[in-house]
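Let me put the model up, and then I'll walk you through a few spots in it.

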Amino acid sequence: MTLDPHPPPAPSDADLIRRSLVEPIAFEAVFERHFDAVHAFAQRRVGRDLADEVAAEAFVRAFDRRSRYDGSHVDALPWLLGIATNVMRRHWRGERRRLDAYARSVAGPASAAPGGEAAGELLAAVARLPRAQREVLLLHAWADLSYEEIARALEVPIGTVRSRLARARARLSSDACALAPTLPCEEASRV
Amino acid sequence: MSDLELLRRLAPPVSAPDEDARERARAAISPSPGRPGRPGRRRALRLGLVGVAAAAIAAGAVVVASDRDDSGQAWAAEVVRVAEAAPRLLVDAPGWRVVRADQFAVGDGEMTFARGDAVLELRWIPRAGLGDRGAKLAEGADVDVRLPVLGREARVLGYPDDDEFRALWVDGDAYVELRGAAPDLDAFAALLDRLRRVGVDEWLTAMPVSVVRPAARAEVVAEMLRGLPLPPGLDVDALGRGDVVRDRYQLGAAVAGRVACGWLDRWAAGKRAGDDAAMREAAAAMATSRAWPILREMQAQGAYPDAVWELADAVKGDGTVVGGKELRLEDAYQSALGCGVPAP
């Protein structure tokens, strides 16, 4: 048996979503590609148990809305993370508790996390951010989305993403610097 | 190290989802029958059997049903019946307008009001279907107060670290929910104060421009059909009639879908009968679909045109729908385009 030296390129997410309108099962390929990433982002924010529920609901909502997917974007992950972000809004309390607990653990003497006490203060400051700012910040820092991808994910103008991120970082800077002078405050205030 | 870099490094470690969780999630979106652990059979059946037409309709179905008749009655009886069962609320403040109205039926509907970036979402459902929604919504709320709204008492909920408020109240047989962002409770209460109940005519007139005016329906359908090859037996008059009107996207899907379904019916029948001429005629008609103005207009708003074009490509060949698991056109087109769904 010989291998085809030029296998056909894998269909893009946009191709698969379009295809799923005719053949719903095609959406499973989108699921297989991105479920772990959506689950991981949810896990970071709301914990492993809730992540199962959040990721599943995000994909159900995505399936329901797929006829409105903007096919000019070949990568559906930002769209899926945006839907997951919406789903997670109902878990704000758990997320805040989790962030606070995580902040305490990384600041503890036994922690191997980078940043030590400053890290703890930074996470505590993240927990205190307004929801809209925290969403943008964590999509950027923990899901590695670009400004443009965050704008797509949250369906807001890119200028709104920039301003929310700027406000979030300014707030982190003032909160965390007040409590942890080891943080590079001047740098942190720049966007 | 900047705060952002530190935050990146502090991303909590994650582990892969376990297979049970993955399988449950997969089953929830899978239309294929018989998977173990399926959580939502009703939903899976709906997704599997109804296909794109239902998905498109669920995504943006509308709304207003009305017509002016020769007797001078402003709106058709069905329209009035539907409107009378709705709370018929508008925001009586400068700049606020209705930008969306979805899934509207007797006693069940949604509307979105907007002014600039500010948005209010109104939902009403039959009171009988309320369940314990109020109690569930109140979980975690740090604002839970009673405020007057339109002569009734609304439960108003707000949440810490969130600028969204919700007002819930009962209006006759309807349970009404209004939610929107506001800087504080007073600002949200001020918005509640601006809600006004209006008559049927004023309420229907306030519907967004995306809703095709019922009186103009026949004209709009004729415009949408312009330039399209009409399949034998298409009832153009029936498309132009009816009390229930969808927004322009949905009406466009119904009109273009009827045309495409007619040609694909002809292709499938020709294949069964060995009628090559019928198949060629249908394929030639479908080959023009990429130039259909209504599909080109709809392309920017959703994927219905892509489904039509994918099927047009299939009948250009041997009927195999390419791009994924191999499908035969005759097994796929009706669910894909909603051919079995009655015209609106």
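Okay, start at the hairpin of β7(B) and β8(B): two residues sit between the strands, and G172(B) there takes a positive phi near 65 degrees. Before going on, this is a predicted model, where local features need pLDDT of at least 70 and side-chain atom pairs count only at pLDDT 80 or more, while totals for chains, interfaces and linings use all residues. Residues are numbered from 1 along each chain as its sequence is written, and chains are lettered from A and ligands numbered from 1 in the order in which they are written.

β7(B), residues 164-171, and β8(B), residues 174-181, run antiparallel and are joined by eight bridges. Strands here are DSSP runs of E, at least two residues, and helices are runs of H or I, at least four, numbered from the N terminus; two strands pair if DSSP finds at least two bridges between them. In this pairing, E164(B) has A181(B) as its bridge partner in β8(B). On to β6(B), residues 152-158: four bridges join this strand to β7(B), again antiparallel. There, G158(B) is partnered with F165(B) in β7(B).

Now for some helix packing, still in chain B. Helix α11(B), residues 248-273, packs on α14(B), residues 304-316, at about 15 degrees, with the axes 11 Å apart. Axes are lines fitted to C-alpha atoms, for helices over the stretch in contact, and angles run from 0 to 180 degrees between N-to-C directions. The two helices are therefore roughly parallel, which is the label for angles under 35 degrees.

Which residues of α11(B) and α14(B) meet? From α11(B) we have A253(B), A256(B), A260(B), L264(B) and W267(B), and from α14(B) Y304(B), V308(B), L311(B) and V315(B); contact means C-beta atoms, placed from the backbone, within 7 Å. That contact has nine nonpolar residues, no polar and no charged. Nonpolar covers Ala, Val, Leu, Ile, Met, Phe, Trp, Tyr, Cys and Pro, charged is Asp, Glu, Lys and Arg, and the others, Gly among them, are polar. As for the spacing, an α-helix has 3.6 residues a turn, so residues three or four places apart point the same way.

Last stop, chain A: ten helices and zero strands. Of its 191 residues, 51% are buried, that is, with 20 or more other C-beta atoms within 10 Å of their own, C-beta atoms being placed from the backbone. Helix α8(A), residues 147-154, is mostly covered, with six of its eight residues buried, among them E149(A) and R152(A).

Key:
Parallel < 35°, antiparallel > 145°, perpendicular 65-115°, else oblique. Contact = placed C-beta atoms within 7 Å. Buried ≥ 20, exposed ≤ 12 C-beta atoms within 10 Å, placed from the backbone.
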